[in-house]
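I opened the model to look up a few side chains, ring pairs and the sheet. My notes follow in the order I took them.

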Amino acid sequence: MLHLRLITPPDLTDAAVRQIGETVGATHLLVVPGAARAPAGDVVECDVAREAADGLIGSLHTLGIDDRGAITVEPVELTLSRTADRAERDAPGEPADAVLWEELTEATHEESTLSVTYVAFLSIATMLAAIGVMLDNAVLIVGAMAVGPEFGPLAGICTAVVQRAPRLVHRSLVALLAGFAVAMVLTTGFAALLDELGLFSRAMVEAERPNTGFIWQPDWLSFVVAFLAGVAGTLSLTSAKSAALIGVAISVTTVPAASNAAVALSYQDYDQTWGSAAQLLANLGSIVLAGTLTLLAQKAYWSRQRERGAGPKARPASRT
């Protein structure tokens, strides 16, 4: 269940209450006239099954409540109520499959901002991967993948394409491309510094690397892995399963490919540089394609679910 708290202008309160009352899966309706002060208005609260929340939030948005008042959504950890149990049963679909588009847009907006912290994480991940590449150490490569924050902008691009939000597409592309550019430049300098200190050498780049050689040798399997990771990562975001997202982060060679390109460039090994760049671009493109198709499929699925669940509620929501 999710808890919705609304601040509604008095002239919109009846419409909001009516919309909640007509939503299958909404219950525990509470109305406190004149309780809000900033902005001034009435306070309306209710609980709604997660699978019915997106449709209700969209309807309240259409009323303009977010423009003249406020809509706050919070997860409910525990509700002991037969009414709530009945509302969850009545709501179409399953909670784990539900997509809250407003929540997804907000989350990807925050993760797709080009900030100092984002660039720092991406640069550190790329440098860690550079050490893993030079030492042919798969453990360091996995660690670098887990640190990399690049899935946020990728998810932002997918969400923006599906939601037709060009500003978010632009923001996400800037964060993705500029972030990788800065990280690779810093990693190139990092590799040059460690070469001066005697910690890196050309022989390490040119040596056989059975554990990490795949990073700069893209093939169709790399594309398939990235595609599947894009599907899994998108599902983890829409269902709020962060543990799955960590698994996605350590399955795709985006950060390692960028780091290998930077290290190879510092030694003028252009074969590895171009191979790594091709691996990076292929993986990024595959993730975006997979994420976009997954969101489109989810959008179509929930559109049909809402149509099936349309109609009057079996029991009216309680009102205080």
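Is Phe223 buried, exposed or partly exposed? I find Phe223 at 29% relative accessibility, so I log Phe223 as partly exposed. The cut-offs are under 20% relative accessible area for buried, over 50% for exposed and in between for partly exposed, with a 1.4 Å probe and protein chains only.

Before going on, I note that this is a predicted model, in which local features need pLDDT of at least 70 and side-chain atom pairs count only at pLDDT 80 or more, while totals for chains, interfaces and linings use all residues. Residues are numbered from 1 along each chain as its sequence is written, and side-chain values use heavy atoms, with hydrogens and water left out.

**Aromatic pairs**

I looked up rings of Phe, Tyr and Trp (its six-membered ring), which pair if their centres lie within 6.5 Å; planes under 30 degrees apart are stacked, over 60 edge-to-face, and the rest tilted. By this rule I get two aromatic pairs. Phe190 sits in helix α9 (residues 166-196) and Phe200 in the loop between α9 and α10 (202-206), so the pair ties together parts ten residues apart in sequence. Phe200 is buried, with a relative accessible area of 5%.

For Trp220 and Phe223 the centres are 5.9 Å apart and the planes at 75°, so this pair is edge-to-face. Both are in helix α11 (residues 220-238), three residues apart, which is about one helical turn. Trp220 counts as exposed at 69% relative accessibility.

Helices here are DSSP runs (H or I, at least four residues), as are strands (E, at least two), numbered from the N terminus.

**Ser123**

I placed Ser123 in helix α6 (residues 116-135). Ser123 counts as buried at 5% relative accessibility. Beyond neighbours within four places in sequence, Ser123 is in contact (heavy atoms within 4.5 Å) with Ala183, Leu186 and Thr187. A polar atom of the Ser123 side chain lies 2.8 Å from the backbone oxygen of Val119.

**Sheet**

I traced an open antiparallel sheet of four strands, ordered β2-β3-β1-β4. Its edge strands, β2 (26-37) and β4 (70-75), each pair on one side only. Pairing requires at least two DSSP bridges between two strands. Strands β1 (residues 2-8) and β3 (residues 40-48) pair in the antiparallel sense over seven bridges. Ile7 stands opposite Val43 in β3.

Key: A polar contact is a pair of N or O atoms within 3.5 Å; within protein, one must be able to donate a hydrogen and the other to accept it, and residues adjacent in sequence count only if both atoms are side-chain atoms.
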